[in-house]
Amino acid sequence: MAWTGRVITALAVCGVLLAGSAGCGSGAAREQEQGAGSPSPVGKLLEERDDEGRPYREVDEEGAPEVGVEVTPDADGGWDVRLRVRNFRFSPDGTANRAVPGRGLAHLYVNDRLVALLREPGHHLSPHTVRRGTHQVTVRLYADDDSVWAVGGEPVESTADITVSEPSPTTAPTATERGAAGPGSAAGGRGSPDGDRRAG
């Protein structure tokens with residue numbers, strides 16, 4: 001009987017060890033599911049969405065991302081777009097699909113049509129993108145999970161109006177920035193980080 005008792009004791013110890021390691025594994029899995037060890041949620045997802053159906057991610061105004069846009073004509077008839085950002089870093093291509101405070105990319109729109117995803121503060125618009133007439137160039141900031149950074153229920157964005165006229169020796173294309181005011185303004189959005197309403 002002593003031999004049988006040892007086998008039962010040994011089996012009991014093995015059972016406890018196996019159960020313990022399984023418990024550790026399931027506990028780790030539970031912690032991972034609950035987000036322990038991962039970044040806390042960033043902001044609050046709102047019901048509002050952009051035109052492509054991406055939700056707004058509301059963050060506090062203090063320390064929130066800001067963007068301004070400058071659009072200047074180049075010698076070849078195109079336009080150079082330059083972003084001024086504050087409390088924001090551009091994420092490199094291949095970044096994980098999750099929201100991280102003050103990080104992401106910018107969507108560049110011309111007349112509400114998406115023309116580029118920007119992971120750096122500069123972009124060139126060809127003359128074919130903006131033909132004769134007045135156009136709105138808008139830059140909006142997004143988190144890496146495709147949510148729209150927002151403050152006060154408004155997207156973090158800035159818009160510049162550009163006018164393209166027939167080339168002549170006396171006329172030159174012009175650009176003016178608008179939407180540079182903070183949340184709740186008539187223009188909406190969060191504009192220029194330095195408060196300058198002019199572009200160029």
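Start with the whole chain in cartoon view. It has one helix and 13 strands; helices (H or I, at least four residues) and strands (E, at least two) are DSSP runs, numbered from the N terminus. Colour from the N terminus on, and the elements run α-β-β-β-β-β-β-β-β-β-β-β-β-β.

Before zooming in, note that this is a predicted model: local features need pLDDT of at least 70, side-chain atom pairs count only at pLDDT 80 or more, and totals for chains, interfaces and linings use all residues. Residues are numbered from 1 along each chain as its sequence is written, and side-chain values use heavy atoms, with hydrogens and water left out.

**Whole chain**

The chain exposes about 11,500 Å², and carbon and sulfur atoms supply 52% of it. Accessible areas come from the Shrake-Rupley method with a 1.4 Å probe; for residues, only the protein chains shown count as cover. Of the 200 residues in the chain, 38% are buried. Buried means under 20% relative accessible area, exposed over 50%, and partly exposed in between (1.4 Å probe, protein chains only).

Now show contacts (heavy atoms within 4.5 Å). Take those between residues at least 6 apart in sequence: 58% join residues at least 24 apart.

**The three-stranded sheet**

Select β3, β4 and β8. They form an open sheet in the order β3-β4-β8, with antiparallel pairing. Two strands pair if DSSP finds at least two bridges between them. Which are the edge strands? They are β3 (66-73) and β8 (122-125), and each pairs on one side only. Look along the sheet: the twist averages 20 degrees from one strand to the next. Axes here are lines fitted to C-alpha atoms, for helices over the stretch in contact, and angles run from 0 to 180 degrees between N-to-C directions.

Stay on β4, residues 79-86. Four bridges join β4 to β8, and the two run antiparallel.

What is the phi of Asn87? It is near 60 degrees, a positive value in a residue other than glycine. Asn87 is partly exposed, at 37% relative accessible area.

Finish at Asp146, in the loop between β9 (133-142) and β10 (148-151). Phi of Asp146 is also positive, near 75 degrees, and Asp146 is not a glycine. With a relative accessible area of 36%, Asp146 is partly exposed.
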